[in-house]
Amino acid sequence: MSATPAARRPLIAALTGAGISTDSGIPDYRGPNGLWRREPDAEKLVTYRYYVADEEIRRRAWVMRRDVGAAFAEPNPGHRALVELERAGVPLRVLTQNVDGLHQKAGLPDRKVFELHGTAQQVVCLGCGERGTMAAVLERVAAGEGDPPCRECGAVLKPATVMFGELLDPVVLDKAQAVAAACQVFLAIGSTLQVHPAAGLVDIAVAAGARLIVVNATETPYDHVAEEVIREPISASLPGLVRRILAGEFG
Ligand code: ZN
């Protein structure tokens, strides 16, 4: 009896940045031309040392989070295309610069999403480490609490994101680097690839021989090493790219 080994399917790494979520109504605050770069005062709302030290900054930050509404945003066809890939049995890991949680909300399992900048769907207490949902804290803000404290210990609550002035989680970064080194296809989606750690992950993948596909509205420093560059809007182009992957075009 001869067994035919199942064809090994290529491991696909998808690095995602703000561009995949703009069609979900989430502005790119953090990018090179984002609000946080253009308005230093607004940047204080997401800068650790100001946030921790100044209650007024925290009050403004909670109002901003409530008004942006990212906690209640919905995934778009770009997020759903990656879910389709995963559900078809393709080994997929998503390395995301986004904090909106939309990959999981679209249906990807938590264990397949590495959130390089943490998540704004949760809050963490700076005193006791207790975690809770952003939605619950925003309800307290809507009910009139300007700077809701931790209900366990009374200390300051902050989103479970990596603020300016904070280090990336080394465990998450290690795992993301391992995926970049092991993948056969690296999709860089909606990221300008200009900042750490995004650029470094592309470097690792390319050095290890992965095929690079860039999907981004504007030029990136890696376009010249990419096998393919797709400039169309992400929520329009990603479903087509996923169909090509499922048809076996990339091995
Ligand atoms: Zn606490």
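Student: Is R58 buried or exposed?

Tutor: R58 counts as buried, because its relative accessibility is 8%. Bear in mind that this is a predicted model.

Student: What does R58 pair with?

Tutor: D147 is the partner, in a salt bridge whose closest N and O atoms are 2.8 Å apart. The two come from distant parts of the chain: R58 is in helix α4 and D147 is in the loop between α7 and β6, 89 residues apart.

Student: And D147, buried or exposed?

Tutor: Buried, because its relative accessible area is 15% and the cut-off for buried is under 20%.

Student: What does E55 pair with in a salt bridge?

Tutor: E55 meets R59, with N to O at 3.0 Å. Both sit in helix α4, residues 55-68, and because they are 4 residues apart, about one helical turn separates them. E55 is partly exposed at 38% relative accessibility, and R59 is partly exposed too, with a relative accessible area of 35%.

Student: How many salt bridges does the structure hold?

Tutor: There are 12. One of them joins the side chains of E86 and K112, at 2.9 Å from N to O. E86 is in helix α5 (residues 77-87) and K112 is in the loop between α6 (102-106) and β3 (113-115), so this pair ties together parts 26 residues apart in sequence. Both E86 and K112 are buried.

Student: Switching to the metal. Which residues are the protein donors of the zinc ion?

Tutor: C125, C128, C150 and C153, each through SG, lying 2.3 Å from the zinc ion. Along the chain, the donors follow the spacing C-x2-C-x21-C-x2-C.

Student: Which parts of the fold does the C128 and C153 pair tie together?

Tutor: C128 is in the loop between β4 (118-125) and β5 (131-133), while C153 is in the loop between α7 (134-142) and β6 (157-161), so the pair links parts 25 residues apart in sequence.

Student: Why is the arrangement around the zinc ion called tetrahedral?

Tutor: Because the 4 donor atoms subtend angles of 99 to 116°, and the tetrahedral call needs all angles between 85 and 135 degrees.

Student: How accessible are C128 and C153?

Tutor: C128 counts as partly exposed at 41% relative accessibility. C153 is also partly exposed, with a relative accessible area of 41%.

Student: Back to α5. Which of its residues are buried?

Tutor: G78, H79, A81, L82, V83, L85 and E86. The elements covering them include β1 (12-16), β2, α6, β7 (185-189) and α10 (234-246).

Student: What is A81 in contact with, beyond its neighbours in sequence?

Tutor: Leaving aside residues within four places in sequence, A81 is in contact with L238, P239 and V242. A81 and L238 are 157 residues apart in sequence, yet their C-alpha atoms are 6.2 Å apart in space. A81 itself is buried, with a relative accessible area of 1%.

Student: What goes on at the start of α5?

Tutor: A side-chain oxygen of N76 reaches to within 2.7 Å of the backbone nitrogen of G78. Just after α5, G89 takes a positive phi of about 95°.

Student: New topic: where is N98?

Tutor: N98 is in the loop between β2 (92-96) and α6. N98 counts as buried, because its relative accessibility is 7%.

Student: Which backbone atom does the N98 side chain reach?

Tutor: The backbone nitrogen of A18, at 3.1 Å. Beyond four places in sequence, the residues in contact with N98 are T16, G17, A18, I20, S21 and G118.

Student: Last one. What is the mean pLDDT of the chain, and where does pLDDT stay under 50?

Tutor: The mean is 92, and 93% of the residues reach 70 or more. Where pLDDT is low, the predicted coordinates should not be read in detail.

Conventions: Residues numbered from 1 in each chain as written. Predicted model: local features only at pLDDT ≥ 70, side-chain atom pairs only at ≥ 80, totals over all residues. Heavy atoms only, no water. Donors = N, O, S within 2.8 Å, 3.2 Å for Na, K, Ca; no water. Tetrahedral: all angles 85-135°; square planar, octahedral: opposite > 155°, others 65-115°. Buried < 20%, exposed > 50% of the residue type's maximum accessible area, 1.4 Å probe, protein only. Salt bridge = Lys/Arg side-chain N within 4 Å of Asp/Glu carboxyl O. pLDDT = per-residue confidence, 0-100. Polar contact = N/O pair within 3.5 Å; in protein donor to acceptor, adjacent residues only side chain to side chain. Contact = heavy atoms within 4.5 Å.
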